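Please keep the sequence and the coordinates in view while reading.

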Amino acid sequence: MRWSPLLAWALYLPLGAKYALALGGAALAVQQLHRRGQLPQVLRHPGTVALLALLAWLTLSAAWSPATGPRIASHLWTYALPLLLPLLASAMHPAWAHAALRQFCLASAAVGGVFVLHHLGLPTETGVWSSTVAASGNQRIATSVLLALGSTLALWQCSQEQGRRSSQCAWIIVALLAAAGLALQDRRSGMVLLPLLLAVGLLHGVPTLPRRAAALVALALACALTWTLADGVRQRFDEGLRELRADTSADTVATSWGQRVRMLEITADMIAQRPWRGHGVASWVPLWRQRVAEGTLLHEQTTPHDEYLLLAQQGGLPALALALAAGLALLRAALAAGTQGTPLLLVCTAVATTGLFNAVLRDAKFSLPLLLLAAAAAALGDGTRRSP
């Protein structure tokens, strides 16, 4: 897995490139672990048993799902992708994982720089950047989440360079470039996520309570200053608030936040009908279209834009509990690893938060890059392996 740092740059490439590297990496990881006689150890990785149980339960739920076979197979495939995390993490040495995280920060700075150039009017929407600057929809949101992580991880890397002022300054520049790209990229998800990740990183990484308090006050002041000076950021949130004030009770609602409110209401009703076994894997779309008027933008939605609601609707409370158990196992591992667990803590926070507003596991645009990043972060927190 010496090539694992290459994965970092692939996280901003088109989805096909991410799939190729993820599946290729999984095949090499299986080969490497089998050669070492360590393949059974994957089952002992935090969260693996819960992920396997979740996949098994969702597979069983296909028996009562109204969805077609191809749609069921597609859903089960994406819910199997989280198993890449323990597999890749078990095969990746912490030194290679650290290199991968550093490369991801540099890739985030490069993408942030592209957004800056685009803002200045330079041509940047062709070739390898077609899935970043020119992207729309969920791919654009996924990019904003990655930029928020890249900026925060660069600051964590800066904290690791004790006594090296030039290196610390370089990582600060990397963090600022990624943050600038995020602000110019105009997606609200990353804008909300960045200050949250910074707060989590400060609370976990700053050793004493007075320093934590001072750091959080400084963060609050920086956020207030950004809100005051960045008209684009403020306008995006004002737009969302106006959407919520409008009528969201009708199927004809066309605004982004308005549609999310309507999806929350209808999906919650589905869950209340079958709270324990759910409606079956891949059942959301056919049941949704029975409940929403045809010919509307709302009718064409394919997920409720909330992973927690989607899991509970498909597999009931058992599916939601198993997903949360896997997340909590990774969270405990991150906290137990000390400062080396900070990257995993940040990725877990990003996944948990993004899942409130997007189908973060069901949509491979989110799940693949975040799972690959989580694998490197989890491997970094495991300092028990031999040198590479």
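**From a cavity to the helices and rings**

The largest cavity has a volume of about 60 Å³. A cavity is here a set of points, on a 1 Å grid over the protein atoms alone, where a 1.4 Å probe fits but cannot get out; grid points are joined across faces, edges and corners, and the volume is the space filled by probe spheres set on the points. The structure is a predicted model, in which local features need pLDDT of at least 70 and side-chain atom pairs count only at pLDDT 80 or more, while totals for chains, interfaces and linings use all residues. Residues are numbered from 1 along each chain as its sequence is written, and side-chain values use heavy atoms, with hydrogens and water left out.

The structure holds 1 cavity of 30 Å³ or more. Its lining comprises 10 residues (those with an atom within 4 Å of a point), and L7, A8, L372, L373 and A376 lie nearest the centre. Helices α1, α6 and α16 (364–381) each supply at least two residues of this lining; helices are DSSP runs of H or I with at least four residues, numbered from the N terminus.

Rings of Phe, Tyr and Trp (its six-membered ring) pair if their centres lie within 6.5 Å, and planes under 30 degrees apart count as stacked, over 60 as edge-to-face and the rest as tilted. By this rule there are 4 aromatic pairs. One of them joins Y12 and F104, which is stacked because the ring centres are 5.9 Å apart and the planes are at 5°. Y12 belongs to the loop between α1 (5–10) and α2 (15–36) and F104 to helix α6 (residues 94–119), so the pair ties together parts that are 92 residues apart in sequence. Y12 is buried at a relative accessible area of 4%, and F104 is buried at 0%; buried means under 20% relative accessible area and exposed over 50%, with partly exposed in between (1.4 Å probe, protein chains only).

A further stacked pair consists of W284 and W288, at 4.7 Å centre to centre and 15° between the planes. These two residues are 4 apart in helix α13 (residues 284–291), a separation of about one helical turn. W284 is buried at 2%, and W288 at 0%.

Which residues of α2 are buried? They are K18, Y19, A22, G25, A26, A29, Q32 and L33. These cover an arc of only 165° around the axis (taken from the directions from the helix axis to the C-beta atoms), which puts them on the same side of α2. The face turned away from that buried side carries the exposed residues G16, A20, H34 and R35. Just after α2, G37 takes a positive phi of about 75°.

Positive phi values also occur in residues other than glycine. A282 has a phi near 70°; A282 is placed in the loop between α12 (256–273) and α13 and is buried, with a relative accessible area of 1%. H305 has a phi near 60°, lies in the loop between α13 and α14 (307–336), and is buried at 14%.

Terms used: 1 Å grid on protein atoms, 1.4 Å probe; cavity = no way out; pocket = protein on both sides within 12 Å on 5 of 7 lines; lining within 4 Å.
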